[in-house]
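Hi,

Here is the structure I said I'd pass on.

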Amino acid sequence: MLIMSPNYFPLQPSLWAATAVAPPPSTSLNERLKADVVIIGAGYCGLSTALHLAEQGVNVVVLEAEEVGFGGSGRNGGQVIPGLKFDPSELLKQFGEKRGQELVDFAGSTADAVFDLIDRHGLDVPHVRKGWIQGAHTTDALKLAERRAKDWAAQGVATRLLDRDETARLLGTSKYYGSWVDPRAGGVQPLSYARELARAAIGAGVRLFTRSRVTGLERVGQGWRAAVGAAGQVDAERVVICTNGYSDDLWPDLRKSIINANSFQVATAPLPESVRSSILPEGHVSSDARNLLLYYRIDHTGRLLMGGRGTFQEPDPTRVDHWSHLEAAVAKLFPQTAGIPFEYRWCGHVAVTRDYLPHLHEPAPGVLIDIGCQGRGVGLQTRMGQAMARYLVTGDRDALPVVPSGIHTFPLYGLRRLYISAVIGWYRLTDGGV
Ligand SMILES: Cc1cc2nc3c(=O)[nH]c(=O)nc-3n(C[C@H](O)[C@H](O)[C@H](O)COP(=O)(O)OP(=O)(O)OC[C@H]3O[C@@H](n4cnc5c(N)ncnc54)[C@H](O)[C@@H]3O)c2cc1C
C-alpha cells in the first residue's frame, strides 16, 4: 500500500516551537540497518520506549516521519496530570479488584514518570510541579469534583477541595463554583521535553532518524522489515508502532480505531506582572470539568495559554478567526487580560478511543501497538513507554497496564465528521457555566 504524507497543521506556528531547546541532531534514513527493535513515531511513547529499552541493552532504531515531537508531543498544553478519564472507583468497578487496582496504580504514577525522567537525566525542560486544579463550572460539576477528590484521597493522594473564594484566588477567575486540587500534577515545555527525551535516548545508544516515514511493514523470516521509501530499511525482531493521533495507513484499520479530534490553543504575549500575579499565582495548571473542556496555564515565559475544542479540518494558520472562541474564553474567564495581544495560535490531534481507555494491540507476532490517550498523554505515554519496554524485555504481560486487544474500527467511521459535529453541538448546549 502507498502511504501518503497527511497534510497536518505545521508545528512551527506554536509557542513551543518558538521557545524550545534545539532538536538533537538527526538525519533521514537512506541505508539498510538491523536492530532488535524498530520503533515507529518519535513522540513521548516511542521515545520513552526507546530510552527504557536502550537502558536495558536493547539495540533500537526509531523512525519518525517528520521531526521529533511533530505529533501531540510537541503541541500539547504541557499539563502533566496523572489519572485516566475514569476515576479510581470506576476503574475498580470495571476491571475488578486486582486488575483495577493495578490500573489505578499505573494511572497514578504517570506524572511521577515524567518528573523522575527530567531529574534522573537532567533534561533541559522548563517545568513546575505545583498541582492541577479542576474547576467546577456548574453545581453538578462541583459534586463530580468532590467525588474525584475523595476517590483519589482513598488511594492515599493528598487531594484538596477548594471553595468558591479559594478557587477564585488560585485560578484568578471568579467563574467557578469550586474545584479540587491534585498535588501530583505540574507543567512542562512539551516540545523541549520531547527533544530532551530524544537526546537522552540517543545518549543511551538509540539510533534516531527523522523525515523517515515508514511506508511499509513486511514479515521477513522471524522478524519485520520497515521500509522508508525506496532507499531506507530496518530489519528487526520486533516492531513497536507509536503513531497515536498521527497514525496513517501503515497498519490496517489502526487509524480508524480512533477519532483524531483537533484541539486548538492560543497564547498571549508575556503578561505584565500586575496581571501575571493574579492568574494561577501559585503555579498550578488547570482545566475544567466541561465535556468540551477549557485548559489553561501560565508558561515559563509568563504567557497565558488557553486550549479547547477546534474544527475537525486543519485550520488555516493565517485565519486568526479560527481561534476566536478561545480568545473569547480568555476574555470571559480573565477580563484582567483585556488589551494583551495573542501571539501564538496552533493545534494538534488528540486520539480518542471508543471506550476512552488507552489501547494496546498485538495484531501479529512481534508487533506491539500503542494508541489512544484522550488528550491526557504527557504522563501516560511516558509511563506507557516504560511499561512497554519492560514487557518487550521480559515477556511479562503483567507489565502492561491494559491487556492487548483486537483492532476495531470506530462505528460509522466514514461519518465521523457529522457525528462529532453533532456531539460538539450537544455538548455546547448542555455544558453550561461560563
Ligand atoms: C493540542 C493538544 C493539547 C494537549 N494537551 C495535553 C496536556 O495538556 N496534557 C496531556 O497530558 N496531554 C495533552 N495532549 C495529549 C498528548 O499530547 C498526547 O497524548 C501525546 O503527546 C501522545 O504522544 P505519542 O508519543 O503517543 O504520539 P505523538 O506525539 O502524536 O507521536 C506520534 C508520531 O508518529 C509519527 N508518525 C506517524 N506515522 C508515521 C509513520 N508512518 N512513520 C514514522 N512516523 C510516523 C508522527 O509524525 C508523530 O511524530 C494534548 C494533545 C494535543 C494535540
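A quick word on terms before the notes: I call a residue buried when its relative accessible area is under 20%, exposed when it is over 50%, and partly exposed in between (1.4 Å probe, protein chains only). Helices (H or I, at least four residues) and strands (E, at least two) are DSSP runs, numbered from the N terminus.

Bear in mind that this is a predicted model: local features need pLDDT of at least 70, side-chain atom pairs count only at pLDDT 80 or more, and totals for chains, interfaces and linings use all residues. Residues are numbered from 1 along each chain as its sequence is written, and side-chain values use heavy atoms, with hydrogens and water left out.

Let me start with α5. Its buried residues are Thr110, Ala111, Ala113, Val114, Phe115, Leu117 and Ile118. Contact here means heavy atoms within 4.5 Å. After α5 comes Gly122, which has a positive phi near 55 degrees.

I count two strands as paired if DSSP finds at least two bridges between them. β3 and β8 (residues 186-188) are joined by two bridges and run antiparallel, and Gln79 has Gly187 in β8 as its bridge partner.

Next, β5 (residues 132-136), where five of five residues are buried. Trp132, Gln134 and Ala136 point one way, while Ile133 and Gly135 point the other way. β5 pairs with β7 (residues 178-182) in the antiparallel sense over five bridges, with Ile133 partnered by Val181. β5 also runs parallel to β14 (residues 285-288), joined by four bridges, and there Gln134 is partnered by Ser287.

In the loop between α7 (164-171) and β7 you'll find Thr173. Thr173 is buried, with a relative accessible area of 4%. A polar atom of its side chain lies 2.9 Å from the backbone oxygen of Leu333. Leaving aside neighbours within four places in sequence, Thr173 is in contact with Thr167, Ala168, Leu333 and Phe334.

β1 (residues 32-40) pairs with β12 in the parallel sense over eight bridges, and Val37 stands opposite Arg238. β11 (residues 223-228) is joined to β12 by five bridges and runs antiparallel; these two form a hairpin with three residues between them, and Gly229 in the turn has a positive phi of about 60 degrees. β19 (residues 367-371) runs parallel to β12 over three bridges, with Ile241 partnered by Ile369.

Now the ligand. It is surrounded by 37 residues, and the closest are Glu64, Ser73, Gln79, Asn244 and Cys373; near means that a heavy atom of the residue lies within 4 Å. An oxygen atom of the ligand is 2.5 Å from an N or O atom in the side chain of Ser73, and a ligand nitrogen is 2.8 Å from an N or O atom in the side chain of Asp248. The protein covers 97% of the 1,000 Å² of accessible area that the ligand has on its own (Shrake-Rupley method, 1.4 Å probe). β17 gives the largest share of the shell, three residues.

Last, Ala194 in helix α8 (residues 190-203). Ala194 is buried, at 0% relative accessibility. Beyond neighbours within four places in sequence, Ala194 is in contact with residues including Tyr44 and Ser73.

Cheers

Technical notes. Polar contact = N/O pair within 3.5 Å; in protein donor to acceptor, adjacent residues only side chain to side chain.
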